[in-house]
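Please read these comments with the sequence and the model side by side.

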Amino acid sequence: MIKVSVIGATGYAGIELIRLLLSHSKVELKNLSSKSFVGKNINEIYANLNKNCDKILVDENEIFEDTDVVFASLPAGLSDDIANKCFEKNILFIDLGADFRLDNEEDYKKWYGKEYKYKNVHKEAIYSIPEIIKYDSVYNKKDLNKAKIIGNPGCYPTSIGLALAPALVKKIILKDDIIIDSKSGATGAGRELKLNTHFTECNEAFSPYKVAEHRHTPEIEQTLSNIYGEDIKVTFVPHLLPLNRGIISTIYAKLENKNDTLENIHSIYKEFYKDSKFVRVLNIGETANLKYVKYSNYCDISLHMDIRTNKLIIVSAIDNMVKGAAGQAIQNMNIALGFKEDEGLNIIPPAF
C-alpha cells in the first residue's frame, strides 16, 4: 500500500481524485488539505463521501507527513513550492495545475504571467499523456517509472492530443490550418464562483469563450509540435456547455493525400491505439458522444471524412474531470509506481 495525500482536496478535481482513490486497491488515503476548510471533515463539504471517507482537512504544511505521493490541484503559480518540498523529501509529486505543463518558461510568462521559481525542479518534470508520451520528442527519452515530478495535462489538450496523435505521427494530415472546436462542461471552470457559470447565466445558453486566447493554446501547440517534429499553430475555440462535465472536440484538418480513404485512416487509428486501455476508436459511421464516457477514464474517438473539401474530421469525447484531470493523474501514478495502468480506473460509463 502507498500513502497518498491531496492538496486542493475540496476543488472539483480534488474531490474527483478522492472519489477514485478510495476505490484504488493499492492506495491508503493519508492527508487532505484545503485552505478554505481547514479543521472540517471532508464529508461535511461533500456529503457523497459519508461512510466512505472520514478525514479532517489539514493545513498544507501537514500534507507531507508520512506520505509517498502528493497530488495538487491548485491555481497556476501555487505548485512550485510544493513540488520543491516533495522533490527534497523524495515524494512523488503529481500536479493537476498548469505549473509543470509548459517546457518553455517564456510561454508560461506570456500566458500565465508568472515565472518558474525552482528551475532545477522543472527540469526534472515529465509531462505525460500516457498513450502518446512515447511519441513526444521532448519526453519520449524520459522514463515515467523514474519520475519525481509529473505534469498532468490539461483537459482540452488531452482530448485534442489523443484525437490528433495518430494522424500527426503517420503524417496523414497537413500541419497547417488545423481548426479545433471544443466544448466543455461547467466544471472545467473550477469550483470558485464565476459570473459565466451562474446557473441563470449558463443554463439554456451556449457560447464560445476566450476565443483565440485560451491558456491551453500553448500546451495544445506544444503537444502537437512535439509529436509532429515541427512547429504547429492551431485555431482553437472553446465553448461552454450547460452541462456539469465532459469535453467534446471536433477537429478539422486537411488530408496529406487526397486519395486517402476513411477505411485506411480508421485502420491506422485502430492499430495506433490497439494496446491502449482507455482510448476507444469507434467504428466507421459511429460518432463520439459525451454520454458514453461520463465518469470514466475513456476517450472515445470517431473519424469522418469530407471528400468535397479534402478534410479529415476527428471527434473526441472525454470526461474532463476524469480523463481530463483526476483519472489521468491516477493513470500516471500507476505507471510511475509500476501498478497496473487501469488500477482504480475500471469504471464503466453509465448508459444514461
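1. A residue is called buried under 20% relative accessible area, exposed over 50% and partly exposed in between, with a 1.4 Å probe and protein chains only. By that criterion strand E2, residues 27–33, is mostly covered, with five of its seven residues buried. Strands (E, at least two residues) and helices (H or I, at least four) are DSSP runs, numbered from the N terminus.

2. This is a predicted model, in which local features need pLDDT of at least 70 and side-chain atom pairs count only at pLDDT 80 or more, whereas totals for chains, interfaces and linings use all residues. Residues are numbered from 1 along each chain as its sequence is written, and side-chain values use heavy atoms, leaving out hydrogens and water.

3. The open sheet consists of six strands in the order E2-E1-E3-E4-E6-E5, with parallel pairing, where two strands pair if DSSP finds at least two bridges between them. E2 and strand E5 (125–127) lie at the edges with a single partner strand each, so one side of each has no neighbour in the sheet. Strand E1 (residues 2–7) is joined to E2 in the parallel sense by five bridges; among them, lysine 3 is partnered with glutamate 28 and valine 4 with leucine 29.

4. Helix H1 (residues 12–21) packs against helix H10 (residues 322–337) at an angle of about 50°, and their axes are 9 Å apart. The two helices are therefore oblique to each other, a term for angles that are not under 35 degrees (roughly parallel), over 145 (roughly antiparallel) or 65 to 115 (roughly perpendicular). Axes are lines fitted to C-alpha atoms, for helices over the stretch in contact, and angles run from 0 to 180 degrees between N-to-C directions.
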